[in-house]
Amino acid sequence: MPTLITPFPPSSHDGGGWVTRQLIEKHKYEKISYRKNNTIKKIYYAALGCITLPFIHPIFTRFLPLWQTRNKITNTHLNFSQTFGMVFFRKNCTLICHDLQYHRSFMLKCWARWSEKLLLSHAKKILVLSERDKKIVTRYYKIPIKFIENIGPFLTQEIESFTSVTPPNSKRIVFLGSLSRPENLEGIKWFVKNVLPSCPDIEVHIIGALYANHGIAHPQIKHLGFVDNLEEFLSSTDLMIAPMLSGAGIKIKVIESLKSKTPVLGTKSAYSGLPKPSAAFISDNNEHWIKTLNDGGIFVFPHKR
């Protein structure tokens, strides 16, 4: 049985915790190793990674304690990019990719993409969460397709199709995601600027970590931070919005909402790797969003998995 190493414990309430929980539920692991860090520890391990693998971008060495690098256990699953540096110290590593660095824009991104390509080329196998990511790993990172597997459908097989669900002029709407992540902040800013002014009757609750300079202030926006029971909150919500304009892979926030039987109004990027809903609930056009929010619509998955 393989060993799982992940920077996100299963108790974590973000997308990383969801992936860890799904892997544990659907795989049999001999051992599971994770570490919950505070800011000081993150800096310490980032510095340790830079010393251990100075030619690799620090993104991939933030979960690199020396005792684990010396332990050359075979058949290891390295979950998320923070753990990928261990591929040089362990045999037969499988890398589980989510949020590939190819999509991200940040300082020294060319170095990060070069590092990611090098690390992926040393893996025994690569697991991705969407067909789009599978194509990117093959096309841009030049990894032969025989080494890549899309496990997105496997992780989301419990999601049921929706039929004949009509949001009743939805008033209780939620946006799920930390505004410290650029893609979330970009999406909600687009929504506030281009959609919200034409939907005066709705109120949007933002769930997730906040930071002081997020720049989102609007009388129809309520910042809730974290809630005690996310599943219960989503179940009592009329609609979730996912105005994601960038990034790829499966959007965990969309999955969590669909599992709670809550319809999602999203962009094409938000539904990447998932069955597409009826046309009323997937669009990159702000006028389309306005019409759905004001008039409602029928939410239907065209097929079951």
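Contact means heavy atoms within 4.5 Å. Helices (H or I, at least four residues) and strands (E, at least two) are DSSP runs, numbered from the N terminus. The model is predicted: local features need pLDDT of at least 70, side-chain atom pairs count only at pLDDT 80 or more, and totals for chains, interfaces and linings use all residues. Residue numbers start from 1 along each chain as its sequence is written, and side-chain values use heavy atoms, with hydrogens and water left out.

**Exercise 1.** Determine which residues of helix α5 are buried and what covers them.

Solution.
1. Buried means under 20% relative accessible area, exposed over 50%, partly exposed in between (1.4 Å probe, protein chains only).
2. In α5 (residues 131–139), the buried residues are Asp-133, Lys-134, Ile-136 and Val-137.
3. These lie on the same side of α5, because they cover an arc of only 165° around the axis, taken from the directions from the helix axis to the C-beta atoms.
4. Exposed Lys-135 and Arg-139 are on the face turned away from the buried side of α5.
5. The cover over the buried residues includes α4 (109–121), β5 (125–128) and β6 (148–150).

**Exercise 2.** Describe the surroundings of Thr-292.

Solution.
1. Thr-292 belongs to helix α10 (residues 286–295).
2. Its relative accessible area is 8%, so Thr-292 is buried.
3. Leaving aside neighbours within four places in sequence, Thr-292 is in contact with Leu-265, Ala-280 and Phe-281.
4. A polar atom of the Thr-292 side chain lies 2.6 Å from the backbone oxygen of Ala-280.

**Exercise 3.** Classify Cys-110 and Cys-199 as buried or exposed.

Solution.
1. Cys-110 has 62% relative accessibility and is therefore exposed.
2. Cys-199, at 0%, is buried.

Methods: Polar contact = N/O pair within 3.5 Å; in protein donor to acceptor, adjacent residues only side chain to side chain.
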